[in-house]
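Please open the structure in your viewer and keep the selection tool at hand. The tour below moves from one selection to the next and says what is there.

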Amino acid sequence: MSADAREWILSRLRSAPGRGQGLPQRPPLPPLSAFGSERALLVDTFRQKLEGVKGEFHQVEDRRALCAKLEELFKANGVRRAVAAADSVLAPLDLARWAAGIGVELRTPADFTDPAAFKEALFREADAGLTGANFLMASTGTLVLAHDRGQARLISLAPILHIAVAPADRVVADYEPVVAALYESSGSIPSQTTFITGPSSTADIQATPFTGMHGPRRLVVIVAARL
Amino acid sequence: MDIKTDRFRETVRKELVNPETQKFLGFFPLVLSAMRSATLAGLPDSEAALASAAAIRAEAVERLPELLEEFERNATAAGARVVWARDSEEANRYICDLAREKKVACVTKGKSMVTEEMGLREELEKAGIEVWETDLGEFITQLLDLPPFHIIGPAINVPVETIRDIFHEKAGLEEPTNDPVQLGYAARKFLREKFYRAEMGVTGVNIAVASTGTVINVENEGNIRHCKSGPRIQVSVLSLEKVVPTMRDAFHMLRVLCMCATGQSLGTYASFDTGPRKAGELDGPEELHIVLLDNGRSAAYRNPKTRDALKCIRCAACLSVCPVYGKIGGYPYGWAYSGPMGQVVNPLLLGLDRTEDLYGACTLCQRCKAACPAGIDHPRMILYYRSRQAEGDSELKGKGAPWSGKALHRFYSAAVRNPALWKAMAKGLRWAANRYEKDGKISKAPGPAEGWFRSRDLPRFPDRTFHDRWKEIEKTLERGEKP
């Protein structure tokens, strides 16, 4: 059926009257944000935008300060078990060993061979999901995650708390560098990329807004000067 | 879903006196509209951004067949299966057969107008498969068997008491509560088990990218992400006009869509799929099926006068500014698409004969056209539908005006072109209308004019016409006197 349908649809579209008189002139895409590329300004804009969509922002100096902040967040939220992505930010930090030292079981995708066990862990066991981020977009306060084995989709979705960590040099002004890196370079395109702007939210009942509808109730982003 | 476009008038009468509807219409469209303006005002050059969006849509529609082929090639290369469907029936059959063949017992769905249009949920249920709408608003409308009230908030008008009772009955709500937040969390808990168990996730597509073969969804709740993460099969239904040339075009459209729909600079979650999960990945679908749906769109495309309807990105900016939607809400439009968007799209997909009251209910005030980021001229299209309906049109299923209506308009057309006849008629009508005057007002008239007076009055006509008085004034002036 599909091959016939394909020809039927395409031939009807191709032979439509009044086509092929040349394309309309396209104006260039206008800039969407009007701020420079100075690092501190980008980070500050990101913070403002993130807080505007009910995200929480923290800034730390280095790995040590990051661990202190994580410990504080784990305590405050009663996190005993968590899953951390093995992405380009978190993998080199080897947080699992550190977490064991403070009594938190932190597992990574490498601990799972069976997708069913992974799903079970994320849906039923994890109190929090930890990820890095490929980029932080300042103009909208957005976290960009390119999914692969290390950055599995459910880590940033199923647990009630999502903590994301990124070095300050990953903050960009807008989407151009993101599109260039993920969709226009010679590397392979990720199976899925997610742009996260705030915690899961809805206002579908009587226009009453609240967070944590199907995804995380809290989104915490920690930007580190160096890691 | 059932098509109820022919019950427009009776539903309007009910909705005009429905306090829940009127309560929401009193602020919801205004708030959405204000949020849209505020977010657009934050752009360095919002006019250029909107002009650019309209240009992208114009190019996408102009190059539609080529872009679809390019999209198909790239999506297939990424491992997706692209399936073409001439109509809803073909699309539904493919998806139901797929579910049966793969032994799917439970399907979770993301909010999508195109699957509402197809009636996919009903077809899957008929095939014995458990289907759950997972957007909170859609979940409520599914349980209550209601059509969407608004494309953004399908159940925003439903009172908490009704939601409490239906959740208690059908969604495992243990402690009845009137707190919207607690009701939301009850739905979270209930649907989480469905996400865990579902073997198939079905979503629509907001934007498809030709140059990469990517499909994009945007949402706030995370239910669409769940539909695309846990289940082993993903079906993305793509209404064929949604393809754009490049990823940069797509991102621009995505931001304009979010700004115009809800006033957000970006929805909470935008997820971009290029093929199914890759080897070694722990989640995401093993199979990605993209169903490309025509269902009347190629027919609309073949008429240059109706082609522009395919530019629509379903942002619903037109709903928030429409004075008619603002009084009657979404139910009277009787199908997946309401407001000016529905007035433009529904007649093309269903036929002019079944949707006469929809394109009839327009004041031609032009606010929808001004708000539209895709560059659609709704009033022009609505006038075109009215003319095709009056003259009769086999393609668009315009049934032709009745003999009496045609005769009346022919007579009117002759009369307005003949000054003597016009003047005589004007005099005659004044005399006739003034017979119904009471206390200086005319509030009713018999025959075909009765409806006009249902919600309006006219002041009594002066005995002499403007032309008569003007002649007199001229004479006075000629005599050198002051009129």
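Begin with chain B, where the C-alpha centres of domain 1 and domain 2 lie 54 Å apart. To colour these domains, select 5-298 for domain 1 and 419-478 for domain 2, bounds that come from an automatic or database domain assignment. Before going on, note that this is a predicted model, in which local features need pLDDT of at least 70 and side-chain atom pairs count only at pLDDT 80 or more, while totals for chains, interfaces and linings use all residues. Residues are numbered from 1 along each chain as its sequence is written, chains are lettered from A and ligands numbered from 1 in the order in which they are written, and side-chain values use heavy atoms, with hydrogens and water left out.

Next, show chain A together with chain B. Here 103 residues of chain B are in contact with 90 residues of chain A, contact meaning heavy atoms within 4.5 Å. The area buried between the two chains is about 8,300 Å², of which carbon and sulfur atoms give 58%; buried area is the accessible area (1.4 Å probe, Shrake-Rupley method) that two parts lose on being put together, summed over both. Select B:Y196, B:R248 and B:L282, which in chain B lose the most area to chain A, together 11% of what that side buries.

Nine salt bridges are counted between chain B and chain A, each a side-chain nitrogen of Lys or Arg within 4 Å of a carboxyl oxygen of Asp or Glu. To see a salt bridge, select A:R26 and B:D249, whose closest N and O atoms are 2.5 Å apart.

Now turn to the backbone of chain A. Most residues other than glycine have a negative phi. Select A:D94, which is not a glycine and yet has a positive phi of about 45°; A:D94 sits in the loop between β2 (81-84) and α4 (95-101), where helices (H or I, at least four residues) and strands (E, at least two) are DSSP runs numbered from the N terminus.

A:Q206 lies in the loop between β10 (201-202) and β11 (210-211) of chain A and counts as buried, at 18% relative accessibility.

Finish at B:F27, which is found in the loop between α2 (19-25) and α3 (28-41) of chain B and is partly exposed, at 32% relative accessibility.

Methods: Buried < 20%, exposed > 50% of the residue type's maximum accessible area, 1.4 Å probe, protein only.
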